[in-house]
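Here is my note on the model, point by point. Please read it with the structure open beside you.

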Amino acid sequence: MISAFIADTEKSLLLLRVKELEEHHATFRDSVVCAFNQLLDLKDISTGVHSTRLAEWALRVARKLDIPEKCLYQVEVAALLHDVGKIGVPDAILKKTSALTAEERAIINRHPEYSWSILRLFSGLEEASLYALHHHESVDGSGYPAGLKGHDIPLASRIVSVIDAYDAMVSNRCYRKGLPHEEAIRRLLASSGSQFDSGVVQTFIPIAEQEAAEVFAAAGTSTAAAL
Ligand SMILES: [Fe+2]
């Protein structure tokens, strides 16, 4: 009886220790994600607001497409860090405002592989690393780095592809003004079924509409407050 009690106690302590280690690992993994996000900020590749917004959109699209809750963390990390490999691209190319040469374009196009090679090193981010690897694939097979087609491209990568393209189109850059929401949606639809997954585009449009309406309302409020 006493030996059974001791065995139960040891088992409980062991389970407690395993839980502690799992929590420690999850905290460390979250810290790594935050650190990389900060690194992207410092490198001026994306802003914290941009990354957070992309992650929110990705999660909303993923839930609408019935990606299981237990898989959403990997989708979120992929949305946050898919471009982390741009750290390996020289600034002179990354921030060039004039047209890129074919050689420069080829260097930039390596960034999904760089992202994969960084993220895969961290235990617990293996799936996110694959999603990052394929975020520039096109459903017609014309994308990179692997030229994957249709559903051979991970769904999370197809999601990141659409929301990242929309965000890039509507965001202001130092060398151009962002497109109006309506034009960005028109371009997403024009490339739906060739570059972009049509199901993902259709799922994202209501989310983008809502975002645009909120931005418009906020701009109206701030203008009214300034008068
Ligand atoms: Fe990218």
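1. A cut-off comes before the rest. A residue counts as buried if 20 or more other C-beta atoms lie within 10 Å of its own, as exposed if 12 or fewer do, and as partly exposed in between. By that rule helix 3 is mostly covered, with 7 of its 10 residues buried. The buried residues of helix 3 are Gln 74, Val 75, Val 77, Ala 78, Ala 79, Leu 80 and Leu 81.

2. Bear in mind that this is a predicted model. The protein chain has 10 helices and 0 strands. Along the sequence the pattern reads α-α-α-α-α-α-α-α-α-α. The C-alpha atoms fill a box of roughly 75 × 50 × 35 Å along the principal axes.

3. Of the 227 residues in the protein chain, 30% are buried. Take the contacts between residues at least 6 apart in sequence: 58% of them join residues at least 24 apart.

4. Helix 3 packs on helix 7. The angle is about 45 degrees, and the axes are 8 Å apart. The two helices are therefore oblique to each other, as the angle falls in neither the parallel class (under 35 degrees) nor the roughly perpendicular one (65 to 115). Helix 3 passes helix 7 in a right-handed crossing. On the helix 3 side, Gln 74, Val 77, Ala 78 and Leu 81 make the contact; they meet Glu 127, Ala 128, Tyr 131 and Ala 132 in helix 7. By class, that contact has 6 nonpolar, 1 polar and 1 charged residues. Gln 74, Val 77, Ala 78 and Leu 81 are also among the buried residues of helix 3.

5. The C-alpha atoms of Asp 83 and Pro 112 are separated by 6.7 Å, although the two residues are 29 apart along the chain. Asp 83 lies in the loop between helix 3 (72-81) and helix 4 (91-94). Is Asp 83 buried or exposed? Asp 83 is buried, because 23 other C-beta atoms lie within 10 Å.

6. Compare another loop aspartate. Asp 66 is found in the loop between helix 2 (48-64) and helix 3. Asp 66 is exposed, because 7 other C-beta atoms lie within 10 Å. Look at its backbone too: Asp 66 has a positive phi of about 65 degrees although it is not a glycine.

7. The peptide bond from Tyr 144 to Pro 145 is cis, with omega near 10 degrees. Pro 145 lies in the loop between helix 7 and helix 8.

8. Helix 8 (residues 155-170) has 16 residues and reaches 23 Å from first to last C-alpha, close to the 22 Å expected at 1.5 Å a residue. Its buried residues include Arg 158 and Asp 164, along with Val 162, Ala 165 and Tyr 166.

9. Helix 8 and helix 9 have axes that come within 9 Å and cross at roughly 145 degrees. The crossing of helix 8 past helix 9 is right-handed. Val 162, Ala 165, Tyr 166, Met 169 and Val 170 in helix 8 meet His 181, Ala 184, Arg 187 and Leu 188 in helix 9. By class, this contact has 7 nonpolar, 1 polar and 1 charged residues.

10. Last, Leu 189, which sits in helix 9 (residues 181-190). Leu 189 counts as partly exposed, because it has 14 C-beta neighbours inside 10 Å. The C-alpha atoms of Leu 189 and Gln 202, 13 residues apart along the chain, are separated by 8.5 Å.

Note on methods: Residues numbered from 1 in each chain as written. Predicted model: local features only at pLDDT ≥ 70, side-chain atom pairs only at ≥ 80, totals over all residues. Helix = DSSP H or I, 4+ residues; strand = E, 2+ residues; numbered from the N terminus. Expected span 1.5 Å × (residues − 1). Contact = placed C-beta atoms within 7 Å. Axes fitted to C-alpha atoms, helices over the stretch in contact; angles between N-to-C directions. Parallel < 35°, antiparallel > 145°, perpendicular 65-115°, else oblique. Left-handed = near helix turned anticlockwise from the far one by under 90°. Nonpolar A, V, L, I, M, F, W, Y, C, P; charged D, E, K, R; others polar.
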